[in-house]
Amino acid sequence: MRDPKATAAAAAALPEDVVLEILARVPDVADLFRCAAACKRWRVLVADRPFLRRRWPEHARHPSSLLGFFGQDWWREDVPAPLPDFVRAPQSVLGPGRPFLSSFVPGAASLFDFDRAVPLASNRGLLLVRYVPRGGDPRIDGTEPSADHLAVCNLLSGTCDVLPPLQCSRFYNYFDTSAYAVLTGADCCPSGHPPCPPAKKAFFKVLVIGISQSGTRYDLHTVSSGEQSWSAPTKCFSPIEHNMFGPIMQRDAVVRRGTVHWLLWDMVNFHALNVDAITGRVSLHMLPAPRPQDLVRCMYDNPRLSVAADGTTLSSLCLFREDLTVEIWTWRHDDGDDDGERGHWRRDRVVELRRPKQKQINGPLCMCMGERSGTMLIRADCRCIYIADLESGVLEEVTDQFSGLAGWKTAFPMEIDWPAFFMHRLGGKPIV
């Protein structure tokens, strides 16, 4: 063991199946990547698709995929903060105090000041951010900007694409009405849903909802990778026609089989706003969350939309504050409904969250969901942050000194698909 040459020779003599068993038992993601970088043989073994799917089974929850949570402060959203609010997850591969974007997308520093970028949406390793052009800050004086500057950071490949400026109306973000989504090529081409975008490794599509110039309807704006301009705004839906004048409550969309889902509130009930990423078709589904005036047991928090690990099932989750339980409802399509617009909500299960010992939790609020990791971010007592495992019900305290989350109005998880990350970085064949 003290002779490096003898150690290297012994490692090289190990049969391939033995090496695979050893690599499969490396517990830390960062250590596994270091093993892959140690030699060409190990690199080939780790970058093999069957090995990666063995390590991270498809359609299963993977807690290690959670890097942390981003948040947008209530009062500072339109003025980029010196640093984005980011809560590192326990056992995250990110070290304490390690800058997030510079770790995964070092090239972004040459395009804009990513320390001032405001994260808006994430999906499958893509991160949509709003940035301030170098040499100017059009929002700092409190006036409405004429254009929104956005970029898509690919955490898998380490690349960053600056999007064409999006021209904004004076109602663009009026009363929390803008919402965002970023989709991959796989999202835009679910099985049996043509036409597909061009077969490009880095294909993405961005959807933005904002109030129209007239201030009377929600408009949809889209742009895909490689395009030089945004699409002409198209009508998404009219609040007047649907008698819905409440805000968009969950502005970082969830994506299921090519359909983007946002959460709306009409001051009484909650609704899922669904937009087909290919056709632009829009539909609304009322969520099964109880109304405040009907509650007897206890007050509940705003529901949250989520998608199952297999990417096929839309769920609605509601946190009840007093007894710390989470009700999980799933959307079931009616038989013969090919377009998926007709269906019903079914209550699947109730998760009882287990408080840490000798810990009182007051006023818990659900901030967001981690779909791939099966987690929920909860804020309580203004300064305490917890991560709840929705399989075991374990509630783990992350910090009790994070005052920056006290003003959050929206938050979202930063999760990463480790098999896809290893394939991109190690040069293996893409996993589809």
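**Reading the terms in a predicted model**

Author: The protein contains nine helices and 25 strands. The model is predicted.

Reader: What share of the 432 residues is buried?

Author: Buried residues account for 50% of them.

Reader: Why is Leu 324 called buried?

Author: Buried means under 20% relative accessible area. Leu 324 has 0% relative accessibility, so Leu 324 counts as buried. Leu 324 sits in the loop between strand E18 (314–320) and strand E19 (325–333).

Reader: What makes the phi of Leu 324 worth a remark?

Author: Most residues other than glycine have a negative phi. Leu 324 is not a glycine, yet has a positive phi of about 50°. Arg 257, also not a glycine, has a positive phi of about 50°. Arg 257 belongs to the loop between strand E13 (248–256) and strand E14 (259–265).

Reader: Why is Ser 392 called partly exposed?

Author: The partly exposed class lies between the buried limit of 20% and the exposed limit of 50%. Ser 392 has 36% relative accessibility, so Ser 392 counts as partly exposed. Ser 392 is in the loop between strand E23 (384–389) and strand E24 (395–399). Its C-alpha atom is separated by 9.9 Å from that of Gly 374, 18 residues apart along the chain.

Reader: How do you know that Leu 14 is partly exposed?

Author: The limits are 20% and 50%. The relative accessible area of Leu 14 is 31%, so Leu 14 is partly exposed. Leu 14 lies in the loop between helix H1 (4–13) and helix H2 (16–24).

Reader: Why are E3 and E7 called edge strands?

Author: Four strands form an open sheet in the order E3-E4-E6-E7, with antiparallel pairing. Strand E3 (118–123) and strand E7 (159–162) each pair on one side only, which puts them at the edges. From one strand to the next, the twist averages 20°.

Note on methods:
Residues numbered from 1 in each chain as written. Predicted model: local features only at pLDDT ≥ 70, side-chain atom pairs only at ≥ 80, totals over all residues. Heavy atoms only, no water. Helix = DSSP H or I, 4+ residues; strand = E, 2+ residues; numbered from the N terminus. Buried < 20%, exposed > 50% of the residue type's maximum accessible area, 1.4 Å probe, protein only. Pairing = 2+ DSSP bridges. Axes fitted to C-alpha atoms, helices over the stretch in contact; angles between N-to-C directions.
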